[in-house]
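Here is a friendly note to read alongside the model. Please keep the 3D view open as you go through the points.

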Amino acid sequence: MKVNGTAYRTIWLAPDGRTVEIIDQTRLPHDFAVVRLTTLDEAAHAIRAMLVRGAPLIGATAAYGVALALRANASDAALDQACAVLNATRPTAVNLRWALERMRRHLHALPVAERVTAAYAEAAAVADEDVAICRAIGEHGAALIREAAKRKPPGEPVHVLTHCNAGWLATVDWGTALAPVYVAFEEGIPLHVWVDETRPRNQGASLTAWELNKHGVPHTVIVDNVGGHLMQHGQVDLCIVGTDRTTASGDVCNKIGTYLKALAAHDNGVPFYVALPSPTIDWCIDDGVKEIPIEERHGAEVTDLTGITKDGRIETIRVTPEGSDVANFAFDVTPARLVSALITERGVCPASREGLLGLFPEQRAVA
Ligand code: MRU
């Protein structure tokens with residue numbers, strides 16, 4: 001997608017052909033900064049500290065992290081160690097494990113001398129495939145927006161509500177939940193996006209708003225508690241969110257607060273769609289609430305807020321009283337029964353085992 005007229009992905013190989021460049025998402029929306037990753041530790045830090053985030057981008061960064069690690073040492077032991085370090089960075093998004101398993105399997109089978117070149121090529125393939133997958137999600141999801149547009153009075157925008165950032169910043173390009181929005185926008189369908197701020201890290205207010213703004217898509221940032229009210233008043237035509245891990249039976253784990261939006265959507269008859277690339281499906285588990293590890297992050301993300309002052313300084317302030325305990329659960333699980341449909345790169349399906357297996361029959365042996 002374009003930033004001030006220049007096309008960007010969220011991760012790419014630097015012109016030196018060795019180091020990897022990313023957009024530092026902790027500095028958005030106030031500062032667009034590109035950061036260079038040169039070692040395994042830098043790649044692991046980028047994921048852990050959320051310079052890169054979003055399930056598909058975490059996977060792509062981990063793949064490049066393996067390539068960076070092998071430049072220093074391409075032995076079996078070093079490969080295993082690199083995968084272990086990267087796998088420990090964040091627990092919930094299954095794309096991380098998926099990308100690392102793919103890299104490990106591919107590279108272990110090769111002679112040590114061929115591994116570095118092969119690792120860069122495989123990481124590039126992971127990234128390129130993500131772009132194609134997200135574009136396909138966009139095409140399939142745009143059909144749902146087109147249908148919603150037909151039910152609106154002519155010229156009235158379709159109102160889409162989204163949570164967190166599942167746009168191009170969360171993937172290599174296009175996004176998952178926002179890909180249908182971008183494709184529908186390209187087609188000229190009038191639309192408007194309600195952007196949940198998504199406390200505590202504000203990925204909606206900082207990242208989704210930034211990328212929609214750069215792309216010229218009409219949008220309004222709302223605090224997290226507004227969605228239910230809007231739905232009661234007919235101001236949301238559909239919800240589309242992303243997911244960090246989807247079980248074989250269609251439960252979806254996504255940014256904290258997604259579940260409450262799904263409940264409100266269900267109560268108000270608003271379609272609730274979840275957009276996902278297939279590497280986000282964990283075919284080994286069924287019950288999302290019981291089986292998906294939920295990341296708990298530092299309490300400072302709850303107690304503190306960071307923003308820009310009127311004179312242009314980035315400052316962090318505390319909003320809670322000193323001494324109050326805080327809890328910071330980063331994700332929650334929305335049961336399949338609250339999901340109207342899943343939007344994948346192969347099409348739209350019911351959020352159920354049979355729905356998913358209908359699109360991915362090759363997984364019948366696993367799921
Ligand atoms: O903690 P984050 O910012 O990595 O969480 C991101 C999300 O929850 C996204 O909605 C999810 O990764 C789907 S993105 C395509």
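1. **What you are looking at.** This is a predicted model, in which local features need pLDDT of at least 70 and side-chain atom pairs count only at pLDDT 80 or more, while totals for chains, interfaces and linings use all residues. Residues are numbered from 1 along each chain as its sequence is written, and side-chain values use heavy atoms, with hydrogens and water left out.

2. **The whole chain.** The protein chain has 12 helices and 18 strands; these are DSSP runs numbered from the N terminus, helices being H or I with at least four residues and strands E with at least two. The radius of gyration is 20 Å, close to the 21 Å that the globule rule gives for 367 residues, so the chain is as compact as a globular protein of that length. That radius is taken over C-alpha atoms, and the rule is 2.2 Å times the number of residues to the power 0.38. Along its principal axes, the C-alpha trace spans about 65 × 55 × 45 Å.

3. **The largest pocket.** This pocket holds about 660 Å³ of space. It has 25 lining residues, and T26, R201, N202, S206 and T306 are the closest to its centre. (On a 1 Å grid over the protein atoms alone, a pocket is an open set of points with protein on both sides within 12 Å along at least five of seven lines, a cavity is a set where a 1.4 Å probe fits but cannot get out, and lining residues have an atom within 4 Å of a point. Grid points are joined across faces, edges and corners, and a volume is the space filled by probe spheres set on the points.) Why does the largest pocket lie between domain 1 and domain 2? Both domain 1 (2-128) and domain 2 (140-363) give residues to its lining, so it lies between them. The domain bounds come from an automatic or database domain assignment.

4. **The second largest pocket.** Here the space is about 420 Å³. Among its 19 lining residues, those closest to the centre are W98, P279, I281, W283 and Q363. Helix 4 gives the largest share of this lining, 6 residues. Domain 1 and domain 2 each contribute at least three residues.

5. **The largest cavity.** The structure holds 3 cavities of 30 Å³ or more, and the largest has a volume of about 160 Å³. R53, G54, A55, N165 and D244 are the closest to its centre, out of 19 lining residues. Helix 2 and strand 11 (252-255) each supply at least two residues of that lining.

6. **The second largest cavity.** Its volume is about 90 Å³. Lining residues include P56, W98, E129 and P279. Helix 2, helix 4 and helix 5 (115-150) are the elements that give two or more residues, and helix 5 gives the most, with 4.

7. **Helix 2.** Helix 2 (residues 55-72) has 18 residues and reaches 27 Å from its first C-alpha to its last, close to the expected 26 Å. That expected span is 1.5 Å times one less than the number of residues. Is helix 2 largely enclosed or exposed? Of its 18 residues, 16 are buried, so helix 2 is largely enclosed by the rest of the structure. (Buried means under 20% relative accessible area, exposed over 50% and partly exposed in between, with a 1.4 Å probe and protein chains only.) Across the protein chain, buried residues make up 55% of the 367 residues.

Note on methods
Points joined across faces, edges and corners; volume = space filled by probe spheres on them.
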